[in-house]
Amino acid sequence: MSTSPSEAGRAAGNVMEVTVSELARELRRVIEGSFDRVRVRGEVGRVSRPGSGHLYFDLKDDSAVLAAVVWKGVASGLKIQPEQGLEVIATGRLTIFPGQSRYQMIVEAIEPAGVGALMALLEERKRVLGAEGLFAEERKKPLPFLPRVVGIVTSPSGAVIRDMLHGFMERFPIHVLVWPVRVQGETSAAEVARAVRGFNAIVPGGAIARPDVLIVARGGGSIEDLWGFNEEIVVRAVAESRIPVISAVGHETDWTLIDLVADARAPTPTKAAEWAVPKRLELIERIGELEQRRRGAQVRHLAGLRTRLVAAARGLPRPVDLVALARQRLDTAATRLERGLIAGAGRHANRLARVAGRLQPVLLAQRLSAARQRVAALERTRLGGLARTLQTHRGRLDRVTARLDPKALNVRVAHLDERLIALDARGKRAFAGFLAQSRRQLEANGKLLESLSYQGVLARGYAVVRNASGVPVARVAGIGEGDRLEIELADGRIGAVAEGPTGGSGEGTGQGREVAERGPTAATKRSRRERKPEPDDQGQLF
């Protein structure tokens, strides 16, 4: 029985009209009232960290995706940070975001979904930090032999600090600075990193002595208990430390990322104390042994030198024989020296007598007068050349000045202005013509693109069939039963599944296949499947 338009209007009038905002608020109230506390397990997908400090990510499994958001105040205190591919358990509540018509989860806590997820996260973090070179052996610093001050980063209430202090007292009296931190919990990583950076910030020679070596210590525990020492903030703080760092976290079988970045890794906190400070009695014994070896080596060295000196003394001649030849040569030279002085004085007297004849005042005056005449001639030549050069430049200046007429310059400027105006008009006309030609060419290309587009073919009743990989299918031979297909029509796309042959003949294989739609138009596709193909049907165009 059909319903008249008037009856349909009266029926619709009984439903209360609401605005979009009112409907969104009602849906939000229902969702938040039904799911005010949920725990969701899934894999972290896309992660976004905008500048606002909020954290946005997706929780997904094999068939669904849930949008999640962590507000800025909660994100800074998370036990673990979500990373893509990590399986976690998120605790929070569901709500609706009306601006995008979607529901989302407000996350208040995140925990890994089992030890396997923690190990996967640990391996990924180890790979990323290792690629930066933080675990390289060449960047590790040597430990000091005998430090004066040792800095310890640990809990002041545990047995670890007592064992280490006892070890220091047994081995060597030393000054110890303890920076108390939490070694377990959400804030442990930040406190340990702050302690390492705090020790490095101490100024050498200040009121507080700066440590020569640092020890980061904690007792054993599970991977969850030791997770704070796997955080990136702790690893980077130890890598940036200018003071050598000894890692003593857990037992010998427990490994964390701080063990890889530290300059030395001790199997236990007690062993770390032994590595940092040598044993005093052993040092005294070692010094005594070295002193005995030094004395023995000194005695043997002196004995060897004495033997060599005696042997060398036997091969030396007597001192009288060494200086006898030199004394004889000195006597011979002294005898020749007196005769040589007399002969040299005579030669110099003869040369002075020859030169004195040429040193007369008249000759010197004649040479001085000739030099003055040459200087005067050169001065006259210089003055004449300078006058000729000035006259030449003055003539050139007069000729150029005569050509600099203001009227001629104004005429030339006016001519250049007219030429510039003409060129501007030609440029504007040429640019307008170019724009008109480009516009006509663009319109022609648009019409050609519209005529060649397959969208026009779809508007005439045809469809494009693609396989699961998005590749267009042109023949039924490329489709198997149960394959997922996508059919594109003029007004959108729909999904479909190939069911089996329709009984008609297919091109190439002689066997056709039918496609069953998924979604609201399944009944329509079944009616098309029951209709037998007519001889005039063209089939699929693409």
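Reader: Is Glu 111 buried, exposed or partly exposed?

Author: This is a predicted model, in which local features need pLDDT of at least 70, side-chain atom pairs count only at pLDDT 80 or more, and totals for chains, interfaces and linings use all residues. Residues are numbered from 1 along each chain as its sequence is written, and side-chain values use heavy atoms, with hydrogens and water left out. Glu 111 is partly exposed, at a relative accessible area of 32% (buried means under 20%, exposed over 50%, partly exposed in between, with a 1.4 Å probe and protein chains only).

Reader: Which residue does Glu 111 meet in a salt bridge?

Author: Side chains of opposite charge can pair when their charged atoms come close. A salt bridge requires a side-chain nitrogen of Lys or Arg within 4 Å of a carboxyl oxygen of Asp or Glu. Here Glu 111 meets Arg 39, at 3.2 Å from N to O. Glu 111 lies in strand 5 and Arg 39 in strand 1, so the pair ties together parts 72 residues apart in sequence (helices, H or I of at least four residues, and strands, E of at least two, are DSSP runs numbered from the N terminus). Arg 39 is exposed, at 53%.

Reader: Which residues of helix 9 are buried?

Author: In helix 9 (residues 269–276), the buried residues are Pro 269, Ala 272, Ala 273 and Ala 276. They cover an arc of only 100° around the axis, so they lie on the same side of helix 9; the arc is that of the directions from the helix axis to the C-beta atoms.
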